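Here is my notebook from an afternoon with one protein model. I wrote down each thing I looked up, in the order I looked.

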Amino acid sequence: MKRVDDFRLKFGKKELVPIIVGGMGVDISTAELALETARLGGIGHISDAMVPDVSDKRFDTSFVKDKTRFYKYNIDNADKSSIKFDLGALADATRRHVGATMQAKRGEGLVFVNCMEKLTMNAPRETLQVRMASALDAGIDGITLSAGLHLGSFGLIADHPRFRDARLGIIVSSVRALQLFLRKNARLDRLPDFVIVEGPLAGGHLGFGMDWAQYDLATIIAEIVQYLKTEQLAIPVIAAGGIFTGSDAVSFLEQGAAAVQVATRFTVANECGLPDKVKQEYFRASEDDIIVNTISPTGYPMRMLRNTPAIGSGIRPGCESYGYLLDGNGNCAYITAYNREVALHPNAKTVSVMDKTCLCTHMRNYNCWTCGHYTYRLKDTTRRLADGSYQTLSAEHIFKDYQFSTDQKIVLPA
Ligand SMILES: Cc1cc2nc3c(=O)[nH]c(=O)nc-3n(C[C@H](O)[C@H](O)[C@H](O)COP(=O)(O)O)c2cc1C
């Protein structure tokens, strides 16, 4: 019977344990988690979502305070179009977060950064260019482009000296999305180094509509593997979404995937950025508690716990401090929804907004409990302590469980 450790992910001459821990913003996939994964020979991700805020917490900088002070005059204004990111500050924050992480890297594995393109930051092209170029400047091993993938993104860094040496990859949820990307990208003569295929059971935003349940990862992987074979393109395909055990991973590796990307099992790792209280919510969840809704202003469905505090919250939009979801014209679906509720309830001290949420503020405060479909199985991966809480696990324990387990078994911690 095969185990994940019988396979290797090959990048040129480099051979890696074929386990990738996916990016989880905002700072849920911390540098510590990514570094442990790399130390164990796999690929870890940090995320560049809200990186100025992450830098403030990690390095005591004051990017968010400075921005808030600068745009304070606009706080009561419904029009957020004047709020722009200082590109120099964005570059500085990215270089700090990436640079410190890469300096601390040990072992044979790699650390990538997850760049969600849906963070349009009121200037989509300029900000994405700065985010990617600064991560490359600071020595990141690779970049994974996700959520809102724009077909021309590789072109934004085509002049960077590391454009051909860093590993660049994309996340897609269909063969069609991959075909479009490859077609548009052809003129750069630079293929993606990997393609992560994310199915409908993943955490975070989904690359499907509310009919997500009609899709299945194995089918999409088979289509993509077949398409790449027909086109004679040797791009490693990485399966993601709902891979909960080592045996699940082996079934994808045997199907032709070069590696798996996993995340949910690591949300309860000691190294994961979620507060301990939130980790206990993930452990306690039952199957009925895992829902997919459309409250994210990005327009993508998102999976989360039913008791997520962000649901129904009617806080004032925090764009003067954050503003990561402002489109190129200063709009965000939450601002529209919030202003509608305020107009409907002119005398109310607080309003409730059910259809959208202020994702920046709530993700930043760990109040949007996004999670994968199988979160309800996390309780089966650990022990219950005398006080009724669940024991969190080391990332090493979870990683090795994926790497060495067989027969759908999950090893409990000592
Ligand atoms: C808490 C959480 C946050 C996530 N945030 C992001 C993100 O910021 N960007 C992204 O591309 N994917 C994100 N994902 C998706 C993961 O990177 C990964 O591809 C997916 O969840 C794998 O499926 P699994 O969780 O069933 O193992 C997130 C997943 C979780 C569980």
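**Entry 1: L325**

I began with L325 and asked: is it buried or exposed? L325 is buried, because 23 other C-beta atoms lie within 10 Å. For my own use I noted the cut-offs: buried takes 20 or more other C-beta atoms within 10 Å of a residue's own, exposed takes 12 or fewer, partly exposed falls in between, and the C-beta atoms are placed from the backbone. I found L325 in the loop between β13 and α10 (333-344). Helices (H or I, at least four residues) and strands (E, at least two) are DSSP runs, numbered from the N terminus.

Two notes on the source belong here. Residues are numbered from 1 along each chain as its sequence is written. The model is predicted, so I kept in mind that local features need pLDDT of at least 70 and side-chain atom pairs count only at pLDDT 80 or more, while totals for chains, interfaces and linings use all residues.

Next I looked up what L325 touches, leaving out residues up to four places away in sequence: L119, T120, P297, T298, C332, L359 and C360. Contact here means that the C-beta atoms, placed from the backbone, lie within 7 Å. I also checked L325 against E117: they are 208 residues apart along the chain, yet their C-alpha atoms are separated by 9.8 Å.

**Entry 2: L136**

L136 is in helix α5 (residues 124-137). L136 counts as buried because it has 22 C-beta neighbours inside 10 Å. Which residues does L136 touch, not counting those up to four places away in sequence? I listed I157, H160, R162 and A166.

Why is strand β7 (residues 167-172) largely enclosed by the rest of the structure? I found that five of its six residues are buried. Then I looked at pairing, for which DSSP must find at least two bridges between two strands. Strand β6 (residues 142-146) runs parallel to β7 and is joined to it by four bridges. In that pair T144 stands opposite G169. On to β8: β7 pairs with β8 over four bridges, again in the parallel sense, and I170 stands opposite V195. I followed the chain from β7 through α6 to β8 and noted a right-handed β-α-β crossover; that is, with the strands pointing away from the viewer, the path from the first strand over the helix to the second runs clockwise.

**Entry 3: the core**

I looked up the largest nonpolar core, which has 125 residues. Such a core is a set of buried Ala, Val, Leu, Ile, Met, Phe, Trp, Tyr and Cys residues joined through C-beta atoms within 7 Å. The members touching the most others are V195, V197, I238, A239, A257 and V260. β5 gives the most to this core, six residues. Beyond four places in sequence, V260 has contacts that include P18, I19, I20 and F252.

**Entry 4: positive phi and a cis bond**

M50 has a positive phi of about 55° although it is not a glycine, and I found it in the loop between β4 (43-47) and α2. M50 counts as buried because it has 23 C-beta neighbours inside 10 Å. D189 is another residue other than glycine with a positive phi, near 50°. D189 counts as exposed because it has 8 C-beta neighbours inside 10 Å, and its loop lies between α6 (175-185) and β8 (194-198). I also noted a cis peptide bond joining G25 and V26, with omega about 0°.

**Entry 5: the ligand**

Which residues come nearest to the ligand? Of the 30 around it, they are G22, S146, G203, G204 and G372; a residue is near if its C-beta atom, placed from the backbone, lies within 6 Å. I sorted the shell into 14 nonpolar, 15 polar and one charged. In that sorting, Ala, Val, Leu, Ile, Met, Phe, Trp, Tyr, Cys and Pro count as nonpolar, Asp, Glu, Lys and Arg as charged, and the others, Gly among them, as polar. Last, I saw that β5 (110-116) and β11 (259-262) each supply at least two residues of the shell.

Note on methods: Contact = placed C-beta atoms within 7 Å.
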